[in-house]
Amino acid sequence: MNRTIEISAVAFAIAVFILIACWHLKLPGLQFDECLGAAPAVAFLIGSQTPPMQIEPSIVYIFGRPLPMMVMPYIGPVKTILHIAVYSIFGISVETTRLMPIALMVCALIFLYIAVRKFSDMPNAIIATLLMSVNSAMVFYLTRDAGPAAFALFSAAMLLFFSVQWLSGKNVLPLIGFFAGLGVSHKADFLWFVASSGFAFAWVYRPTLSFRDGSVLAVAFIVGALPLIAFNVATAGMTGKMAAAKFSLAGLPSAFTVRCAQLFQ
């Protein structure tokens with residue numbers, strides 16, 4: 001009986017999310033961040049001979065069709081590949097462009113619920129899932145993929161889920177490493193989440209990893225992050241150089257002051 005109630009409650013939260021997220025799905029019109037992954041997917045499917053993004057040497061040709069391994073020096077091909085899959089099935093439109101991030105958010109809600117349920121009772125986990133399903137950031141920011149952040153949240157949910165599974169004794173280290181790498185491959189700044197959550201996890205649970213386990217984790221991460229790694233090898237570290245050029249220790253105090261002020265706006 002409790003299991004039925006639990007499944008029904010989670011299904012209700014997801015249904016609410018889908019209803020709100022799909023309401024006037026084509027509004028507002030596509031914005032730049034959405035097109036970053038969508039435009040190369042369209043170019044690939046229509047067989048355009050013009051590379052959609054001029055970031056060399058990231059363009060590879062598959063059956064004569066251009067596919068960028070990096071759409072920007074810090075954004076990889078993950079979204080583009082997912083859009084190709086969605087467009088191939090449902091066609092190309094504003095609505096189908098947003099089907100992919102909506103599907104990612106549905107998966108994220110499910111895996112986040114399972115992870116939270118490991119640490120809390122059923123009512124609290126259900127309430128947390130329902131609150132996320134109506135959160136304006138989930139509904140309007142992520143399903144319209146500003147950032148782009150939809151796959152980043154999905155990757156974070158998968159990392160949390162598999163970390164919980166690993167604590168339960170499951171052999172999922174390859175999946176933890178792969179999704180960490182895939183999140184970084186999608187957008188390089190996901191490395192901040194990987195580093196900070198990894199540090200917090202190690203601080204709280206004090207896990208012990210053998211050399212073999214550490215090697216498996218590292219190799220899986222490299223596989224997931226391979227497009228970004230290969231691009232930076234070919235360009236002598238373009239992503240790192242760009243980050244170094246924009247980052248300044250001298251600007252940290254003023255940036256911190258601005259962020260604190262925003263908390264009260």
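**Notebook: helix packing, one hairpin, one loop**

I began with helix 11 (residues 226–234) and helix 12 (residues 238–246), where Leu228, Phe231 and Asn232 of helix 11 meet Met238, Thr239 and Gly240 of helix 12. I took contact to mean heavy atoms within 4.5 Å. The model is predicted: local features need pLDDT of at least 70, side-chain atom pairs count only at pLDDT 80 or more, and totals for chains, interfaces and linings use all residues. Residues are numbered from 1 along each chain as its sequence is written, and side-chain values use heavy atoms, with hydrogens and water left out.

I took helices (H or I, at least four residues) and strands (E, at least two) as DSSP runs, numbered from the N terminus.

**Helix 11 and helix 12**

I looked up the axes of helix 11 and helix 12: they come within 7 Å and cross at roughly 85°. Axes here are lines fitted to C-alpha atoms, for helices over the stretch in contact, and angles run from 0 to 180 degrees between N-to-C directions. Helix 11 is therefore roughly perpendicular to helix 12. The classes are set as follows: under 35 degrees is roughly parallel, over 145 roughly antiparallel, 65 to 115 roughly perpendicular, and the rest oblique. Nonpolar covers Ala, Val, Leu, Ile, Met, Phe, Trp, Tyr, Cys and Pro; charged covers Asp, Glu, Lys and Arg; the others, Gly among them, count as polar.

**Helix 2 and helix 3**

Next I took helix 2 (residues 32–46) and helix 3 (residues 78–90), whose axes come within 8 Å and cross at roughly 60°. That angle makes helix 2 oblique to helix 3. The crossing of helix 2 and helix 3 is right-handed. A crossing is left-handed if the near helix is turned anticlockwise from the far one by less than a right angle, and right-handed if clockwise. I listed the contact residues, among them Leu36, Pro40 and Phe44 of helix 2 and His83, Ile84 and Tyr87 of helix 3. This contact has nine nonpolar, four polar and three charged residues.

**Helix 4 and helix 7**

I then checked helix 4 (94–119) against helix 7 (residues 150–167): the axes come within 8 Å and cross at roughly 30°. Helix 4 is therefore roughly parallel to helix 7. Their crossing is left-handed. The contact includes Leu104, Phe111 and Ile114 of helix 4, and Phe154, Met158 and Phe161 of helix 7. By class, I recorded 19 nonpolar, one polar and one charged residues.

**Hairpin**

I found strand 1 (residues 59–62) and strand 2 (residues 65–68) paired in the antiparallel sense over four bridges. Two strands pair if DSSP finds at least two bridges between them. Tyr61 stands opposite Pro66 in strand 2. The hairpin has two residues between the strands, and Phe63 takes a positive phi near 55°.

**Loop between helix 1 and helix 2**

His24 lies in this loop and has a positive phi near 50°. Pro28 is in the loop too, and a cis peptide bond joins Leu27 and Pro28, with omega about -15°.

I counted seven salt bridges, each a side-chain nitrogen of Lys or Arg within 4 Å of a carboxyl oxygen of Asp or Glu. One joins the side chains of Glu95 and Lys26 (3.6 Å, N to O). Glu95 lies in helix 4 and Lys26 in the loop between helix 1 (2–22) and helix 2, so the pair ties together parts that are 69 residues apart in sequence.
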